[in-house]
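Hi there,

Here is the structure I promised to pass on to you. Please open it alongside this email, and I will walk you through what turned up.

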Amino acid sequence: MYTYEELLRLSGFKAREGEKQRFIEKWEELKCAKLSEGGKDERETVLRNDEISPSVKMSEVLKNAKAEKDGFIIVSEAYYEGEN
Amino acid sequence: MKGKIETLNKMLSDGEISVFELTEEYIKRIKEKDENINSFITVCVDTARENAKCADELFRKGKAGHLTGIPMSLKDNLSTKGILTTAGSKMLSRYVPFYDAFAYECLKNEGSVFLGKNNMDEFGMGASNDTSFYGDVLNPLDAKRSPGGSSGGSGAALSAGMAVYSIASDTGGSIRLPASYTGTVGLCPTYGAVSRRGLIAHSSLLDRVGVMTTTVSDVAAVFDCINRHDEKDMTSVKGIRKRTAESLENGIKGMKIGIVPGVFEKAHEETKKCFVKALEVFSMLGASVSEVEIPLWEKADSVYSIISTSDAASNLTRYDSVRFGGGTDDTISGERDGFGDEARMRILLGNAVLTSEEHTGLRKKAESEMILIKESFQRAFSEFDLLLTPAAYHTAPLKEEISEKLTDEFLTAPSVAHLPALSMPMGFSENGLPLGLQIIGRAMGEDAILRAAYAFEDAKKDEIYIKGGESIGF
């Protein structure tokens with residue numbers, strides 16, 4: 001983890017009064033964000049429990065290595081195609 | 001309910017008023033009112049008058065469309081060729097783009113009259129319009145209260161009758177929250193429906209260009225004009241677009257509406273009561289209303305924070321204070337100090353997310369979560385046509401209550417799921433302030449949202465809009 005001072009340098013900023021403390025508080029909040037543990041296992045669980053068909057297309061896309069590799073836009077397009 | 005655009009279009013077509021006269025009336029209003037409200041950063045009087053003359057000519061030749069001659073404004077993060085575009089930041093206080101944003105281009109071609117650029121939270125970062133380098137925007141309904149943000153300038157201008165419609169942007173609720181606080185109507189379209197070419201980026205994975213007006217049919221009229229594929233925007237969705245204005249009056253009989261109990265119950269008591277009454281209206285109009293679970297809804301806020309800060313850190317690196325330096329020489333020193341406190345904080349947090357070894361994958365986890373949230377909604381929409389929530393916990397908060405009462409928790413989930421959502425008035429609090437309703441639809445399902453909104457507006461028109469205000473009538 002970069003320090004506040006290192007991040008300032010990285011961002012091209014001069015220090016501002018009171019900012020360091022605010023940054024530390026906000027970063028603590030952000031890094032403790034309530035996310036799922038993430039990863040494939042959990043995603044598969046959600047899909048396995050899903051008895052409704054429209055998600056199937058999405059799950060196929062997610063399992064597709066190309067979509068994983070090429071990023072979110074491809075997933076996004078498939079999502080719209082599924083809807084329409 | 002007849003929209004303001006339709007009313008004005010008829011007056012202009014019948015020759016009751018010329019576009020030039022109409023434009024002068026709006027310029028006068030801006031001059032009289034905006035000194036206090038501060039909803040405009042730049043007012044383009046000369047451009048408006050030139051546009052008005054051209055529009056009058058179109059009416060004379062019988063070539064006018066329904067948006068011809070209608071006075072409008074743009075949020076100041078939409079590029080305008082030859083006109084200052086600041087995004088509410090000192091960093092861009094001298095930036096004059098060399099091209100027009102796609103949405104503005106569409107409306108220019110229709111002959112709308114461009115009045116100026118609306119104030120906003122810096123780079124769209126904020127929910128109360130108090131982070132702009134150009135000063136706070138006041139809520140015209142009560143100057144002690146926030147107009148919401150980041151499109152607070154657009155909401156305030158519409159609410160005070162200083163424009164008929166405004167094009168704005170929404171990243172995590174930036175159109176819908178100000179609409180709720182100023183008693184106006186705001187549509188955040190599906191991600192990819194409206195081209196973002198010319199929009200100054202805040203978060204590329206979340207930003208959308210949308211419409212703010214004072215009636216539902218006005219939203220439909222403007223949205224239909226800008227809802228088109230743009231080959232120069234790689235996120236622009238291809239395919240045939242539905243014309244929403246044509247189906248507005250089709251009613252909502254048989255529509256299935258879902259409410260998310262765990263979500264709306266967090267709202268203030270007064271908001272909840274008003275929301276329940278709104279649900280009764282939807283039932284009365286022939287829709288069925290029942291509960292639905294969106295289990296990942298509560299995670300959307302965290303996902304939003306991680307994605308938007310890290311996107312902002314990447315997008316704002318281009319402002320290096322050399323080409324885009326602030327307005328004075330002391331900011332052109334190679335130190336990127338043209339950013340306000342909020343923008344700086346988000347850049348620092350975003351860089352922390354992107355570089356942290358300890359939490360490597362925070363961004364990746366957020367993106368995975370985003371997909372799960374989308375799927376959650378997709379499952380709900382396999383059974384329901386629309387989802388409803390209040391747009392905000394409370395009415396517009398007093399400036400001193402912002403940190404305690406302002407929240408966009410209802411708004412970030414549809415943002416993260418890339419779904420279209422509209423905020424419109426659903427009634428008033430005891431102290432006479434508007435309470436907002438959010439209608440969420442399927443991807444590219446703006447027609448269903450607007451149909452439901454129109455039916456609700458028609459049933460409740462005497463109870464949801466400010467009476468005697470210039471936001472109604474012309």
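The largest pocket is lined by both chains: α2 (19-31) of chain A and α10 (300-315), α11 (341-355) and α13 (402-405) of chain B each supply at least two residues of its lining. Helices here are DSSP runs of H or I with at least four residues, strands are runs of E with at least two, and both are numbered from the N terminus. A pocket is found on a 1 Å grid over the protein atoms alone, as an open set of points where a 1.4 Å probe fits, with protein on both sides within 12 Å along at least five of seven lines; lining residues have an atom within 4 Å of a point.

Before going further, please note that this is a predicted model: local features need pLDDT of at least 70, side-chain atom pairs count only at pLDDT 80 or more, and totals for chains, interfaces and linings use all residues. Residues are numbered from 1 along each chain as its sequence is written, chains are lettered from A and ligands numbered from 1 in the order in which they are written, and side-chain values use heavy atoms, with hydrogens and water left out.

Back to the pocket. About 1100 Å³ of space lies in it, a volume being the space filled by probe spheres set on the points, which are joined across faces, edges and corners. Of the 34 lining residues, A:Lys26, A:Glu29, B:Ser305, B:Glu342 and B:Arg346 are the closest to the centre. Which helix gives the most to the lining? That is α10(B), with six residues. The lining has nine nonpolar, 14 polar and eleven charged residues (nonpolar: Ala, Val, Leu, Ile, Met, Phe, Trp, Tyr, Cys and Pro; charged: Asp, Glu, Lys and Arg; polar: the others, Gly among them).

Next, the salt bridges. Side chains of opposite charge can pair when their charged atoms come close. The search of the whole structure found 26 salt bridges over all chains, each a side-chain nitrogen of Lys or Arg within 4 Å of a carboxyl oxygen of Asp or Glu. One of them joins B:Arg49 to B:Glu24, with the closest N and O atoms 2.6 Å apart. B:Arg49 sits in helix α3 (residues 45-61) and B:Glu24 in helix α2 (residues 19-37) of chain B, so this pair ties together parts 25 residues apart in sequence.

Another salt bridge pairs B:Arg197 with B:Glu105 at 3.9 Å, N to O. Are these two buried or exposed? B:Arg197 is buried, at 19% relative accessible area, while B:Glu105 is partly exposed at 29%. Buried means under 20% relative accessible area, exposed over 50%, and partly exposed in between (1.4 Å probe, protein chains only).

Finally, look at strand β11 (residues 434-441) of chain B, where eight of the eight residues are buried. B:Pro434, B:Gly436, B:Gln438 and B:Ile440 point one way, and B:Leu435, B:Leu437, B:Ile439 and B:Gly441 the other. Two strands pair if DSSP finds at least two bridges between them. B:Leu437 stands opposite B:Pro390 and is also the bridge partner of B:Met424.

Enjoy exploring!
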